[in-house]
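Visitor: Please take a close look at a single part of this model. I would welcome one connected account, with the cut-offs stated.

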Amino acid sequence: QVQLVESGGGLVQAGDSLTLSCTASGRAIGSYVTAWFRQAPGKEREFVAGIFRDTYYANSVKGRFTISRDDAKATINLQMNSLIRDDTAVYYCAATSGTTVFTAGWRYDAWGQGTQVTVSS
């Protein structure tokens with residue numbers, strides 16, 4: 001089973017950029033489908049971006065966020081540009097076996113502890 005640890009969250013202003021990292025251990029991250037989810041206060045967890053052979057994005061972040069994977073460093077990064085207040089949430093890294101990037105969280109069986117991103121106006 002892969003273990004995931006997120007880092008890079010923080011407090012930023014609207015329009016700023018921030019990069020989140022997810023470090024994987026236990027197994028080669030390149031063999032997993034990996035994704036970022038987020039959960040804002042009072043809202044359900046939602047899919048943000050995923051990667052395996054291709055990348056996939058939620059409409060709300062398309063064009064602003066970029067997901068990437070560094071197999072040598074065993075990290076999955078989420079570059080977030082042009083941040084807005086609605087991006088405020090706890091961001092989670094997730095992984096699952098297979099080749100399909102699912103948008104449903106229940107499809108993923110490994111999760112990190114989450115990292116807080118707060119965007120102020």
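Guide: Cys 22 and Cys 93 form a disulfide, with 2.2 Å between their sulfur atoms; the term denotes a pair of cysteine sulfur atoms within 2.5 Å. The model is predicted, so local features need pLDDT of at least 70 and side-chain atom pairs pLDDT 80 or more, while totals for chains, interfaces and linings use all residues. Residues are numbered from 1 along each chain as its sequence is written, and side-chain values use heavy atoms, without hydrogens or water. The S-S torsion of Cys 22 and Cys 93 is about -80°, which means that the disulfide is left-handed. Cys 22 lies in strand S3 and Cys 93 in strand S9 (residues 89-96), 71 residues apart; strands are DSSP runs of E with at least two residues, numbered from the N terminus. Both cysteines are buried, that is, under 20% relative accessible area with a 1.4 Å probe, protein chains only.

Cys 22 and Cys 93 are among the residues in contact with Glu 6, contact being heavy atoms within 4.5 Å. S1 and S3 (residues 18-25) run antiparallel, joined by five bridges.

Although buried, Glu 6 has no salt bridge, and Arg 45, its nearest side chain of opposite charge, is 9.7 Å away; a salt bridge requires a side-chain nitrogen of Lys or Arg within 4 Å of a carboxyl oxygen of Asp or Glu. The side chain of Glu 6 instead reaches the backbone nitrogen of Gln 113 at 2.9 Å and that of Gly 114 at 2.9 Å.

Terms used. Pairing = 2+ DSSP bridges. Helix = DSSP H or I, 4+ residues; strand = E, 2+ residues; numbered from the N terminus. Buried < 20%, exposed > 50% of the residue type's maximum accessible area, 1.4 Å probe, protein only. Lys, Arg positive; Asp, Glu negative; His and termini not counted. Polar contact = N/O pair within 3.5 Å; in protein donor to acceptor, adjacent residues only side chain to side chain. Lists of a residue's contacts leave out its neighbours within four places in sequence.
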